[in-house]
Amino acid sequence: MILGIHHTALSTRDADRLVRFYHELFGFAVEFDFPWDESNEAFRKSHAVRESAGRVVMIRRDASRLEIFEYRKPAPRPDIPARANADLGIAHFSIEVREIAKEYERLLAGGMKFQSGLVVQTPTIQMAYGRDPDGNIIELIDFNVD
């Protein structure tokens, strides 16, 4: 029995910075913070690597979760600068909001970078794409625009 999507995982070079961003701007709180080292056989098996070490922080807001990984081993491959929504892999995740214009301005004032202003998708849907400090794309979407 499938219940639904539990979380989305992001990999970063600085877990503290990313956790702080999602806490301060989106209200996520730490659910758990777990470092692991090379002796953790479960991580080696589940991640299908010979050596694995790092830290994982699960952050939560209500039923929404983000899992933040900071790997020491294996070494992360270089980032894709300005990763586009069209690039292969997870393109973005979406956060549903109400009063999107107010949220957009609040997030902008808090330092979030946006790719555009607010975009009207349909008469009742408005959205905008922004980025977190690592360049991951976050869609803000409001389904109840008057």
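This briefing describes the core, the aromatic pairs and the strand pairing of the structure above. The model is predicted, and the mean pLDDT of the protein chain is 90, with 99% of its residues reaching 70 or more. The largest nonpolar core holds 24 residues, and a search of the whole structure finds nine aromatic pairs. Strand β8 (residues 125-131) pairs with β6, β7 and β9.

**Confidence**

- Among the elements of the protein chain, α1 has the highest mean pLDDT, at 97.
- Helix α2 (residues 41-46) has the lowest mean pLDDT among these elements, at 80.
- Where pLDDT is low, the predicted coordinates should not be read in detail.

**The largest nonpolar core**

- Of the 24 residues in this core, those that touch the most other members are Y22, F26, I59, I68, M112, I138 and L140.
- Two or more residues of the core come from each of α1 (15-26), β3 (53-61), β4 (64-73), β5 (93-96), α3 (100-109) and β9 (137-142).
- Helix α1 gives the largest share of this core, seven residues.
- In soluble globular proteins, nonpolar side chains tend to be buried together.
- Beyond residues up to four places away in sequence, L140 touches F26, I95, V97, I100, Y104, L107, F114, Q126, M127 and A128.

**Aromatic pairs**

- Among the nine aromatic pairs of the whole structure is that of Y22 and F93, which is tilted because the ring centres lie 6.2 Å apart with the planes at 40 degrees.
- Y22 belongs to helix α1 and F93 to strand β5, so this pair ties together parts that are 71 residues apart in sequence.
- Both Y22 and F93 are buried.
- The pair of W36 and Y71 is edge-to-face, because the planes stand at 85 degrees and the ring centres are 5.6 Å apart.
- W36 lies in strand β2 (residues 29-36) and Y71 in strand β4, so the pair ties together parts that are 35 residues apart in sequence.
- W36 counts as buried because its relative accessibility is 3%, whereas Y71, at 23%, counts as partly exposed.
- Ring pairs also link F21, Y22, F26, F28 and F93 into a cluster.

- The side chains alternate along strand β1 (residues 8-11).
- Strands β1 and β4 pair in the parallel sense over four bridges.
- L66 is the bridge partner of T8 in β4.

**Strand β8 and its partners**

- Six of the seven residues of β8 are buried, and the strand is mostly covered.
- β6 and β8 pair in the antiparallel sense over two bridges, and the bridge partner of F114 in β8 is G130.
- Strand β7 (residues 119-122) pairs with β8 in the antiparallel sense over three bridges.
- β7 and β8 form a hairpin with two residues between them, and V120 stands opposite Q126 in β8.
- β8 and β9 run antiparallel and are joined by six bridges, with I137 in β9 as the bridge partner of R131.
- The hairpin of β8 and β9 has five residues between the strands, and G135 in its turn has a positive phi of about 90 degrees.

- Q126 lies in strand β8 and is buried, with a relative accessible area of 17%.
- Residues up to four places away in sequence aside, Q126 touches I100, L118, V119, V120, L140, I141, D142 and V145.
- K113 lies in strand β6 (residues 113-114) and is exposed, with a relative accessible area of 60%.
- Leaving aside neighbours within four places in sequence, K113 is in contact with G130 and R131.
- The C-alpha atoms of K113 and D132 are separated by 7.4 Å, and these residues are 19 residues apart along the chain.

Notes
Residues are numbered from 1 along each chain as its sequence is written. Side-chain values use heavy atoms; hydrogens and water are left out. A nonpolar core is a set of buried Ala, Val, Leu, Ile, Met, Phe, Trp, Tyr and Cys residues joined through side-chain atoms within 4.5 Å. Buried means under 20% relative accessible area, exposed over 50%, partly exposed in between (1.4 Å probe, protein chains only). Contact means heavy atoms within 4.5 Å. Two strands pair if DSSP finds at least two bridges between them. Rings of Phe, Tyr and Trp (its six-membered ring) pair if their centres lie within 6.5 Å; planes under 30 degrees apart count as stacked, over 60 as edge-to-face and the rest as tilted. pLDDT is the predictor's confidence in each residue, from 0 to 100.
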